[in-house]
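Work through these exercises with the structure open beside you. Try each task before reading its solution.

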Amino acid sequence: MTVFSRSTGSVGRPTSSGLFCAVLALLLGACGPPFVLPSLDHQKRNIANNEIRLGALSSKAFLETWGQPTYRYRARVQFFPLENGNYLPLFRVPLGESPQGWDLTTVLEDALFLAYAERGELLGFIDQRLVYRERLSAEQVLAVVKQWKDEEQFRTGLEKTLPVP
């Protein structure tokens, strides 16, 4: 009969801790973009080559590559995470409907949106990281901008004074 026992001596602890740290480092390294963004130059090359991946690009990279957007919008927004990794903002979901591909969770975060009407791009960022991208016609992008402006009129004084990153 073989008996396995756990060592309680001080010799076993560093080995266990070292092994744990090594595994953790490998896992964090394998996860890549969710933890560390590529360099700004790399991000800008990806955007210029139309290699736009969620979670791997920053708002700064878009601003430096595409220039100033038609409109910027900052607000605390509810998102619906989708199975494909996109976070769909509540304002893009028709009233009374649930998004196709929704994973049944919600995320409420301070967000930055960049609307590029001439490009037909609507981009959303949480903590400066791209989480939402939707390609729309210029008219559709401008309709979203109008919706944001209308919502801005009805924000209370308190909401307007709260800082949004």
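**Exercise 1.** Find the residues that Val77 is in contact with, leaving aside its neighbours within four places in sequence.

*Solution.* Start at Val77 and look for contacts, meaning heavy atoms within 4.5 Å. Pro89, Leu90 and Phe91 are among its partners. Val107, Leu108, Glu109, Ala111 and Phe113 complete the list. This is a predicted model, where local features need pLDDT of at least 70, side-chain atom pairs count only at pLDDT 80 or more, and totals for chains, interfaces and linings use all residues. Residues are numbered from 1 along each chain as its sequence is written, and side-chain values use heavy atoms, with hydrogens and water left out.

**Exercise 2.** Describe the largest nonpolar core and say which elements supply it.

*Solution.* First, the term: a nonpolar core is a set of buried Ala, Val, Leu, Ile, Met, Phe, Trp, Tyr and Cys residues joined through side-chain atoms within 4.5 Å. Buried means under 20% relative accessible area, exposed means over 50%, and partly exposed lies in between (1.4 Å probe, protein chains only). The largest core has 23 residues. Val77, Phe79, Phe91, Phe113, Leu122 and Trp148 have the most contacts inside it. Next, trace the suppliers: strand 1 (71–81), strand 3, strand 4, strand 5 (129–135) and helix 4 (138–153) each give at least two residues. Strand 1 gives the most, with 5 residues. Helices (H or I, at least four residues) and strands (E, at least two) are DSSP runs, numbered from the N terminus. Another core, of 13 residues, lies apart from this one; Leu63, Leu114, Tyr116 and Leu130 are among its members.

**Exercise 3.** Give the strand order of the sheet and explain why strand 2 and strand 5 stand at the edges.

*Solution.* Two strands pair if DSSP finds at least two bridges between them. The order is 2-1-3-4-5, in an open sheet of 5 strands with antiparallel pairing. Strand 2 (87–89) and strand 5 each have a single partner strand, so one side of each has no neighbour in the sheet. Now zoom in on one pair. Strand 4 and strand 5 are joined over 6 bridges. Phe125 stands opposite Leu130 in strand 5.

**Exercise 4.** Is Arg135 buried or exposed, and is Glu121 buried or exposed?

*Solution.* Arg135 has 55% relative accessibility, so it counts as exposed. Glu121 has a relative accessible area of 2%, so it is buried. The two form a salt bridge, with their closest N and O atoms 3.3 Å apart. A salt bridge is a side-chain nitrogen of Lys or Arg within 4 Å of a carboxyl oxygen of Asp or Glu. Arg135 sits in strand 5 and Glu121 in strand 4, 14 residues apart.

**Exercise 5.** Which parts does the salt bridge between Arg76 and Asp110 tie together?

*Solution.* Begin with the distance: the closest N and O atoms of Arg76 and Asp110 are 3.1 Å apart. Then place each residue. Arg76 lies in strand 1 and Asp110 in strand 3, so the pair ties together parts 34 residues apart in sequence. Asp110 is partly exposed, at 22% relative accessibility.

**Exercise 6.** Locate Glu118 and name the residue its side chain joins in a polar contact.

*Solution.* Go to the loop between strand 3 (107–116) and strand 4 (121–126). Glu118 is exposed there, at 58% relative accessibility. The side chain of Thr70 is its partner, at 3.2 Å. A polar contact is a pair of N or O atoms within 3.5 Å; within protein, one must be able to donate a hydrogen and the other to accept it, and residues adjacent in sequence count only if both atoms are side-chain atoms.
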